[in-house]
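Me: I would like to learn how to read strand pairing and helix packing in a model such as the one below. Could we go through it feature by feature, beginning with a hairpin?

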Amino acid sequence: MRRSVRIFLLLICIVVPSAAQTPAPATPTRADILRGEYGRYRANNDLLYYHLDVRIDPEKKFISGKNTIRFKMLQNDTRIQLDLVATLNVDKILLGATPLHYEREINTVFVDFPATLKTGSEYSIDFYYSGTPQETGRFGGFTFRKDTAGHPWINSSCEGPGAMVWWPNKDQWRDEVENMDISVSIPSDLVDVSNGRFAGKTDLGDGYTRWDWQVHYPINNYDVSVNIGNYSHFSDQLNDLSLDFYALPENLDKAKRQFAQAKPMLQIYEHYFGEYPFPKDGYKLIEVPYAGMEHQSAVAYGNHFANGYLDRDWTGVGISTRFDFIIIHESAHEWFGNSVTAADASDMWIHEGWATYMECLYVESMYGYDDALKYTNALKAKVQNRQPIITPRGIHREPPQDMYFKGALMLNTLRNVINDDTRWWKLIHDVYQHFKYQTIATEDMVGFINKETGMDLTPIFDQYLRNVAIPTLDLQFQEADGTVSYRWIADVKGFAMPVRVGKRGSWQIVRPTTEWQTLSTPLKRDEFEVATDLYYVNVTRE
Ligand SMILES: [Zn+2]
């Protein structure tokens, strides 16, 4: 169920400059609305459970099987909306033994019931489907590849285009099942690693073996994954948490070396936010043929068993080469992205801004505050400030990549606005704890932070998330008088934010608003500094 706390307000996400930077078309298409809107036939029911049970034939590149979908009705109705990409076949949809009528429109499947489904009652349907999933999206969607030794290597990664590219489901972010079973039947010489806890395998007697996985927590549709290949496996333990690692045999030694970063990383995130979110399911890292993805409890890894990001110094200041970007970034999403999820893709900064900020926290914990500040400020070079981070709701359009870097810089700014690290550490811990296992909107998070801090931080969030420009501190010096006048230039009415100014080492905190104020200073125009490494702001001086 994992319903949104707000009913009606409404990389790895790897970052590449992409079409996401193109201004959105003004009018959403019918496909956008079907995909993104939480309309009547989605809102009338609450997901409880999926059992995805599929057979995958590597030779024919063919998938067939069913998803059993259990849900509770929230309103009397005779129709629900599910999603399956138009290129896959709907074989039949059954309520018990009764075949149901359905209507397909683009990638949506409207399922009709012969009698009214009653508010508060639970129903279960079996959705049978088959076909050849297509490669699509930034991470492949669903790919039938071979490893270098010629073994089949089949992976799913569908965050952008949606889980509908390979299995039928209620394909949106707001409503999640409470738990899920995943059964994957494959040729018996291969291994499947999916999400959750391995529950056993069964030889089907026809050359195929079924691998069963149990997910004990709410899960985003796009996190549900298969990783099928000639995998080797090794394991470790972090207190009671099982750690399982899967790599192709030729990479096993490299994986044992590189994946050793997982344990200290998990300890660091647990220190800041609390226990790893999915202890019953364990933590897994799985080698894949693309860069990586935060698949819940089964993090996909394709970063060449090397530090940095795809053999690069990701932030260009010599710090990201000390750790494996994909392990650190994708695993951060277990807390923000998988456990705390945006209810609508427009609020995806809740995944990416926080996960990027968690990279900064990892650096701070491993290498100290100065290096963390250096790493954080190096993110500025990646910010574009061309579109607001929060995009229109209800059309499932991925926000611009500023959600990563500007999102993290905003959180670092907030730390300095609060200006009390003990309070900041408690706040970010409590934000996670308050919203874990939920789908939320930006307003929920901002409201909670305002309440916890007793401050009205809404204008700051609005400036960074809902506008293009960052705030500019406008300074006018009257050197003869020994004064400086200051104000914020910002889009948000009533924007006010404290900021450290004066001389590094003996900063003075001023509280500019959008109205002019004046301060006495012995410092000349060229000596007067602003702590732009602590606050992501522009400064103009006259
Ligand atoms: Zn990410």
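Reply: Bear in mind that this is a predicted model. In the hairpin of S6 and S7 two residues lie between the strands, and Ile106 takes a positive phi near 55°.

Me: In what sense do S1 and S2 pair, and over how many bridges?

Reply: As a general idea, side chains in a regular strand alternate between the two faces of the sheet. Here, strand S1 (residues 45-57) and strand S2 (residues 62-73) pair in the antiparallel sense over 12 bridges, and Asn45 has Met73 of S2 as its bridge partner.

Me: Which strands stand at the edges of the sheet?

Reply: The open sheet has eight strands with mixed pairing, in the order S5-S4-S8-S2-S1-S11-S14-S13. Strand S5 (98-99) and strand S13 (197-203) are at its edges, each with a single partner strand, so one side of each has no neighbour in the sheet.

Me: How should I read the packing of H8 and H9?

Reply: Two packed helices are described by the angle between their axes and by the distance between those axes. Helix H8 (residues 402-418) packs against helix H9 (residues 421-435) at an angle of about 135°, with the axes 8 Å apart, which makes H8 oblique to H9. Their crossing is right-handed. The contact is made by Leu411, Leu414, Arg415 and Ile418 of H8 with Asp421, Arg423, Trp424, Trp425 and Leu427 of H9; these residues divide into six nonpolar, no polar and three charged.

Terms used. Residues numbered from 1 in each chain as written. Predicted model: local features only at pLDDT ≥ 70, side-chain atom pairs only at ≥ 80, totals over all residues. Heavy atoms only, no water. Axes fitted to C-alpha atoms, helices over the stretch in contact; angles between N-to-C directions. Helix = DSSP H or I, 4+ residues; strand = E, 2+ residues; numbered from the N terminus. Parallel < 35°, antiparallel > 145°, perpendicular 65-115°, else oblique. Left-handed = near helix turned anticlockwise from the far one by under 90°. Contact = heavy atoms within 4.5 Å. Nonpolar A, V, L, I, M, F, W, Y, C, P; charged D, E, K, R; others polar. Pairing = 2+ DSSP bridges.
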